[in-house]
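Here is a short tour of one model for you. Take a moment to look at the chain before reading on.

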Amino acid sequence: MAERSADEIQRDIEQARVTLASSVDEITYRTNPKRVSEGVKATLIAKAKTPQGQAVLGGAGVLVLVVVVRRFRRR
């Protein structure tokens, strides 16, 4: 293996720093709680607008209604 000069080593270190900074910025962007929650919200809304999503929401609504009525009648 050939010996490298101090300038070459310094350039490699600077390039590694730039790459690391870019990676950290990307991780920060991807894990931003507000951005993640907005993405999840958009996904759930899109799924709820499908026929299957509407059926699931309707079924859940009926189930909640039955539970509330049963509890109300028991009192």
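Is Arginine 75 buried or exposed? Arginine 75 is exposed, since its relative accessible area is 86% (buried means under 20%, exposed over 50%, partly exposed in between; 1.4 Å probe, protein chains only). This is a predicted model, in which local features need pLDDT of at least 70, side-chain atom pairs count only at pLDDT 80 or more, and totals for chains, interfaces and linings use all residues. Residues are numbered from 1 along each chain as its sequence is written, and side-chain values use heavy atoms, with hydrogens and water left out.

Arginine 75 sits in the segment after helix 3 (51-74). The protein has 3 helices and 0 strands, giving the pattern α-α-α along the sequence. Helices (H or I, at least four residues) and strands (E, at least two) are DSSP runs, numbered from the N terminus.

The overall dimensions come next.

| Property of the protein | Value |
|---|---|
| Radius of gyration | 27 Å |
| C-alpha span along principal axes | about 85 × 30 × 25 Å |
| Accessible surface | about 7200 Å² |

For a compact globule of 75 residues, the radius of gyration would be near 11 Å (taken over C-alpha atoms; the rule is 2.2 Å times the number of residues to the power 0.38). Buried residues make up 1% of the 75 residues.

Notes
Accessible areas come from the Shrake-Rupley method with a 1.4 Å probe; for residues, only the protein chains shown count as cover.
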